[in-house]
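This report goes through strand pairing, helix packing and contacts in the structure shown here.

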There are 2 protein chains.
Amino acid sequence: MKIIQSVSEMQSFANSLKKQGKTIAFVPTMGYLHEGHLSLVEIAQKNADFVVVSIFVNPTQFGPNEDFEKYPRNFEGDVALLEQTKAILFVPENTEIYLLEHLTFVEVNSLENLLCGKSRKSHFKGVTTIIAKLFNIVKPDFAVFGQKDAQQVLIIKKMVEDLNFDVKIIVGKIIREKDGLAMSSRNKYLNEQERKDASVLFESLKIAKKMVEKGEKNPALVIEKMEKLIQTKLTAKIDYVEIVNTKNLQQVKILEGEFLIALAVKIGQTRLIDNLLVGEN
Amino acid sequence: MKIIQSVSEMQSFANSLKKQGKTIAFVPTMGYLHEGHLSLVEIAQKNADFVVVSIFVNPTQFGPNEDFEKYPRNFEGDVALLEQTKAILFVPENTEIYLLEHLTFVEVNSLENLLCGKSRKSHFKGVTTIIAKLFNIVKPDFAVFGQKDAQQVLIIKKMVEDLNFDVKIIVGKIIREKDGLAMSSRNKYLNEQERKDASVLFESLKIAKKMVEKGEKNPALVIEKMEKLIQTKLTAKIDYVEIVNTKNLQQVKILEGEFLIALAVKIGQTRLIDNLLVGEN
């Protein structure tokens with residue numbers, strides 16, 4: 001498979017495709033790929049002539065006490081997984097992506113400080129900055145993101161709109177393990193007990209869904225029920241459980257129309273997120 | 001001449017040029033064009049197949065007490081001036097460029113708070129944000145900026161490098177009136193006395209240059225001489241006179257190698273800037 005490592009080579013390649021009138025769909029990843037990522041690559045292949053998958057563990061989206069160093073990496077495994085697809089792999093060096101004196105950042109104000117942004121300060125600033133850079137390097141017509149990172153999707157859509165990136169954002173649905181746990185590279189961190197307990201995240205979302213379907217309009221009651229269920233697991237420590245407006249991420253006061261039920265829970269030392277979009281058109 | 005008003009039309013036009021293998025050089029302006037702007041258009045024409053000139057008085061780069069409302073506008077005059085060139089004019093509406101809830105900004109940390117950034121808080125954040133947007137709309141291979149806005153040039157070059165914009169920045173030299181006053185749309189604000197006094201800015205730069213050529217190494221002595229000369233004009237009020245490193249805009253301690261002599265002076269109510277690059281390679 002075609003593997004590109006340098007920024008200028010990636011840009012030249014993108015330019016040559018454009019001259020040929022070919023379209024590019026882009027799937028940015030941090031590697032350690034799983035079926036969730038592959039589902040995004042599949043969507044990308046359906047939408048464009050060429051698919052570029054990037055693998056880059058982006059340091060600026062990790063906080064000083066987070067897991068940048070130990071974030072799982074398995075380049076050979078990733079290549080093997082992608083080999084079946086026709087994707088082009090872009091694997092830049094950290095030293096080329098962030099020069100010694102990197103000064104420029106892209107920020108989507110207000111959205112970045114809610115939900116995950118409360119406990120992960122400057123996380124989304126790192127995300128929007130690297131995605132802006134990758135868009136300028138890969139020059140995609142389409143970019144595919146997973147709904148698991150619901151807040152990220154919303155923030156990137158807003159960045160694309162506000163900065164006039166000529167990129168259509170496509171969102172792939174959450175891919176789950178058999179017991180409902182959303183696939184994530186970080187699931188690898190879980191020990192046996194934690195892995196069992198982690199299924200409670202999706203269970204709590206299913207209960208929420210049922211309550212809403214039965215007509216519950218009070219978000220506080222739904223959140224209370226979810227939290228109580230999650231707290232039955234000894235390894236679980238709730239970061240947040242919130243029900244928010246899908247446009248501005250503000251907490252909703254009544255459950256009607258479209259809203260997002262989102263949660264972040266530490267299972268042991270591993271922070272996991274999950275969410276459910278209700279009333280989606 | 002071809003005038004484009006909508007973002008999507010500009011992007012489609014840029015895409016169609018790229019498919020034909022044509023290059024685009026871009027000259028972003030705030031209109032009220034003068035020979036300085038035309039010199040940039042000329043440079044653009046020498047470098048690319050097509051030239052796009054934008055006219056957009058960007059509200060986010062003006063402070064609350066600055067001259068956004070009264071900034072001079074003369075669309076018919078601008079069109080007449082450009083008619084002789086083969087430029088394509090991009091004239092977007094403010095309401096399309098900044099949506100009701102615009103949340104995303106691009107910032108080049110540290111560089112933006114020096115020199116003009118000291119008295120014009122958030123000015124450069126407005127500049128980098130609009131230029132990032134315009135680059136995504138016009139999709140240029142080259143962009144031409146005037147050396148008169150020396151700090152802007154440096155900040156935009158850093159943004160291009162840090163965010164991997166595939167755009168080559170070209171810098172056009174300062175175009176001056178007969179008495180040396182740097183051309184600027186804001187010169188229109190000056191009354192007769194102020195217009196006379198304004199020539200002192202370039203005179204002070206010429207004196208600085210002479211001192212340096214004669215071997216002066218002490219920036220404080222050069223600045224003192226410049227300030228004294230400027231202060232002989234009753235209408236002049238100095239914002240800053242500084243001699244700085246051309247890469248990081250920090251004040252230099254000794255005059256050697258390459259450095260930038262930069263100044264901002266209010267003549268009456270009109271804030272003017274000028275600069276001189278010394279030791280340029």
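Strands are DSSP runs of E with at least two residues, and helices are runs of H or I with at least four, both numbered from the N terminus; two strands pair if DSSP finds at least two bridges between them. Within this pair, Tyr240(A) has Ala264(A) in strand 9 of chain A as its bridge partner.

Helix 9 (residues 200-213) of chain A packs on the sheet and touches strand 8, strand 9 and strand 10 of chain A. Its direction makes about 20° with that of strand 10 of chain A. Contact between two residues requires C-beta atoms, placed from the backbone, within 7 Å. Angles run from 0 to 180 degrees between N-to-C directions, and axes are lines fitted to C-alpha atoms, for helices over the stretch in contact.

The sheet is open, with 3 strands in the order 8-9-10 (chain A) and antiparallel pairing. Strand 8 (236-245) and strand 10 (270-278) of chain A are the edge strands, each pairing on one side only. From one strand to the next, the twist averages 15°.

## Numbering and confidence

Residues are numbered from 1 along each chain as its sequence is written, while chains are lettered from A and ligands numbered from 1 in the order in which they are written. As this is a predicted model, local features need pLDDT of at least 70 and side-chain atom pairs count only at pLDDT 80 or more, whereas totals for chains, interfaces and linings use all residues.

## Domains of chain A

An automatic or database domain assignment divides chain A into domain 1 (3-172) and domain 2 (185-274). Their contact takes 14 residues from domain 1 of chain A and 11 residues from domain 2 of chain A. On the domain 1 side, helix 5 (116-119) and helix 7 (150-162) of chain A each supply at least two residues.

That side of domain 1 of chain A has 9 nonpolar, 3 polar and 2 charged residues. Here Ala, Val, Leu, Ile, Met, Phe, Trp, Tyr, Cys and Pro count as nonpolar, Asp, Glu, Lys and Arg as charged, and the others, Gly among them, as polar. The centres of the two domains, taken over C-alpha atoms, are separated by 26 Å.

Strand 5 (residues 104-108) of chain A runs antiparallel to strand 5 of chain B, with 5 bridges between them.

## Parallel sheet of chain B

Chain B has an open sheet of 6 strands with parallel pairing, in the order 1-4-3-2-6-7. Strand 1 (3-4) and strand 7 (168-172) of chain B each have a single partner strand, so one side of each has no neighbour in the sheet. Strand 6 (residues 142-146) of chain B runs parallel to strand 7 of chain B, joined by 5 bridges. Helix 7 of chain B packs on this sheet, touching strand 6 and strand 7 of chain B.
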